[in-house]
Amino acid sequence: MFSSSLLLNISTILIATFILVIVFFKRKHKYWKNLGIECVEPSIPFGNVKDNVMRIKSPAEVFREFYETMKARKVIHAGFYSFFIPLYVPLDLNLIKHIIQVDFAHFTDHSAYVNEKEDPLSAHLFSLTGQRWKTLRAKLTPTFTSGKMKMMFPIIVDTGKELKKILEEECENGAVEAKDICARYTTDIIGNCAFGIECNSLKDPKTEFRIKGARLFNMTWLEVLSNFFSFVFPNLSRFLGVRLLPKEATDFFWNMIKENVEFREKNGFRRNDAFQLLLDMKNNEDQGSDASLTFNELAAQAFIFFVGGFETSSSMMSFVLLELGLNQDVQDKLRDEINAVLKRYNNEITYESLADMKYLEMVMNETLRKYPPLPALPRECTKEYKVPNTDVVIPEGQVVFIPIQGIHYDAEYYPDPEKFDPMRFSDENKNKIPQFAFLPFGEGPRICLGMRFAMMQGKVGLISIVKNFKITINPKTEIPVKPDPTKFFASTLGGIWLDLERIG
Ligand code: HEM
């Protein structure tokens with residue numbers, strides 16, 4: 001008798017909770033309708049991310065499908081739900097231009113979580129907000145001017161030579177995985193330029209630097225959950241001490257930066273790298289001025305150069321290699337260009353020679369179109385915003401996602417979008433691509449700070465490979481490649497396996 005009444009009580013509680021959850025989601029899922037914005041019917045509890053949570057589709061595929069559905073309805077903007085969190089998605093390029101450039105004052109932030117107390121490395125340029133971001137952005141912009149990049153160029157060329165040497169050894173043992181080798185190359189360069197140390201991950205793939213770097217992009221389920229929690233409840237998360245990045249990895253980077261600062265300061269050691277530029281700002285006599293940095297600020301910026309730089313750049317390079325393997329005519333044409341240009345520069349890769357390789361840049365741009373490392377660009381509405389030519393008012397705090405993946409595959413801007421066609425970016429054709437329809441590095445005042453650096457290191461790495469090896473796809477690579485549903489950044493399931501044959 002007792003146990004049956006207990007059972008009844010438990011069932012009642014469960015049913016009541018179930019009803020409450022349904023009511024909660026139903027109410028939350030009315031948000032876009034109430035604002036007068038169309039959406040794709042959300043499901044409970046997933047909203048519009050069910051296929052991603054069930055690991056059927058990658059975030060890029062989900063965003064693209066959503067974009068295409070809403071574009072077919074001819075709307076200028078749409079509402080998306082990640083579970084019960086509403087994301088505002090502008091589709092019209094003119095509206096996007098307003099959000100990320102013209103009316104930037106209403107959308108200054110990236111809507112990223114910072115917990116400076118528990119994790120000082122989280123207070124980096126990408127995640128900082130408002131005036132703090134603005135001041136720091138102004139301080140850091142000079143880090144990647146042409147003059148500063150020329151200073152770092154020898155480090156990159158040396159790493160390109162090392163890449164060639166390692167590939168000559170590794171290709172003898174069978175297929176090479178493109179993402180792995182490119183990530184080791186970019187880790188060595190960014191580690192060298194941003195931390196000022198030789199990481200040697202090309203020579204030794206198991207070096208701690210590479211392992212800890214890769215760990216930052218391989219989150220456990222618990223970390224994915226705490227990420228979501230901090231996104232929904234940032235203040236509570238800070239109060240509870242939630243961190244976004246794995247402690248063992250951030251502790252490693254923090255200590256390395258600290259030791260490096262101490263070493264350079266104690267020994268008066270100087271080097272032509274981005275780390276030195278940050279250190280000079282820290283030691284600027286005029287403390288508190290616009291040109292100075294605290295130690296914590298230095299550490300967080302060195303960290304974002306590394307995190308922002310190695311994964312995105314290696315993703316770009318590995319997809320270029322994939323497309324070169326699939327399109328032998330493009331590969332031959334590119335190699336011809338590289339050889340012809342280098343001949344004019346005494347067979348040396350110089351900073352100036354890169355500017356003459358127009359086809360290389362076209363190949364890289366077309367790759368960034370097909371595989372943008374970030375499938376969507378985040379923004380936060382920081383000041384209430386009336387959407388031009390509508391009655392819709394976006395409230396303060398609203399998270400915005402610019403649907404890069406969808407735009408890059410929109411046949412209106414890129415006819416036959418599945419086709420890999422570098423000629424879209426030729427001098428004659430590139431003017432046909434509308435403004436704000438090509439966004440791999442973002443746009444406006446928050447455009448990627450390392451864009452030119454990324455292109456430079458990518459070019460040197462690709463020249464070192466394409467000049468010296470014929471690239472074909474190894475049968476271990478599943479074609480067409482399948483995007484990895486567990487990763488936000490563009491990546492493939494099973495990797496990109498290539499056969500490399502030495503030339504000459
Ligand atoms: C192919 C390589 C890369 C891609 C595709 C890429 C892409 C992006 C994108 C989409 C953003 C956001 C832009 C926006 O909101 O409008 C961004 C921001 C940023 N990127 Fe990159 N990035 C790359 C390489 C790099 C490198 C090599 C560095 C540093 C050395 C870097 C440092 C940063 C920083 C510091 C920000 C934050 C800028 C700010 O909020 O003011 N990125 N990147």
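Trainee: How many aromatic pairs does the count come to?
Mentor: The count comes to 33 aromatic pairs. Rings of Phe, Tyr and Trp (its six-membered ring) pair if their centres lie within 6.5 Å; planes under 30 degrees apart count as stacked, over 60 as edge-to-face and the rest as tilted. The model is predicted: local features need pLDDT of at least 70, side-chain atom pairs count only at pLDDT 80 or more, and totals for chains, interfaces and linings use all residues. Residues are numbered from 1 along each chain as its sequence is written, and side-chain values use heavy atoms, with hydrogens and water left out.

Trainee: Why is the pair of Phe209 and Phe253 edge-to-face?
Mentor: The ring centres of Phe209 and Phe253 are 5.4 Å apart and their planes stand at 85 degrees, so the pair is edge-to-face.

Trainee: Where in the chain are Phe209 and Phe253?
Mentor: Phe209 is in helix α9 (residues 208-215) and Phe253 in helix α12 (residues 247-267), so the pair, 44 residues apart, links distant parts of the chain. Helices (H or I, at least four residues) and strands (E, at least two) are DSSP runs, numbered from the N terminus.

Trainee: Are Phe209 and Phe253 buried or exposed?
Mentor: Both Phe209 and Phe253 are buried. Buried means under 20% relative accessible area, exposed over 50%, and partly exposed in between (1.4 Å probe, protein chains only).

Trainee: And what about Phe229 and Phe233?
Mentor: Their ring centres lie 5.2 Å apart with the planes at 55 degrees, so that pair is tilted. Phe229 is partly exposed at 29% relative accessibility, and Phe233 is partly exposed at 38%.

Trainee: Back to α9: which of its residues are buried?
Mentor: They are Phe209, Arg210, Lys212, Gly213 and Arg215. These buried residues pack against α8 (178-195), α10 (221-232), α12 and α14. Lys212 also lies over the face of Phe252, at 5.6 Å from the ring centre. A charge sits over a ring if NZ of Lys or CZ of Arg is within 6 Å of the ring centre and within 35 degrees of the ring normal.

Trainee: Which residues does Phe217 touch?
Mentor: Leaving aside residues up to four places away in sequence, Phe217 touches Val307, Phe310, Glu311, Lys487 and Phe489; contact means heavy atoms within 4.5 Å. Phe217 is in the loop between α9 and α10 and counts as buried at 15% relative accessibility. One aromatic cluster includes Phe217, Phe209, Phe252 and Phe253.

Trainee: Changing topic, how many residues surround the ligand?
Mentor: There are 27, and the closest are His110, Trp133, Arg137, Arg379 and Cys448. A residue is near a molecule or strand if one of its heavy atoms lies within 4 Å of it.

Trainee: What gives the most to that shell?
Mentor: α14 does, with six residues. Helix α14 spans 295-326.

Trainee: Which polar side-chain atoms lie 2.7 Å from a ligand oxygen atom?
Mentor: One belongs to Arg137 and another to Arg379.

Notes: Polar contact = N/O pair within 3.5 Å; in protein donor to acceptor, adjacent residues only side chain to side chain.
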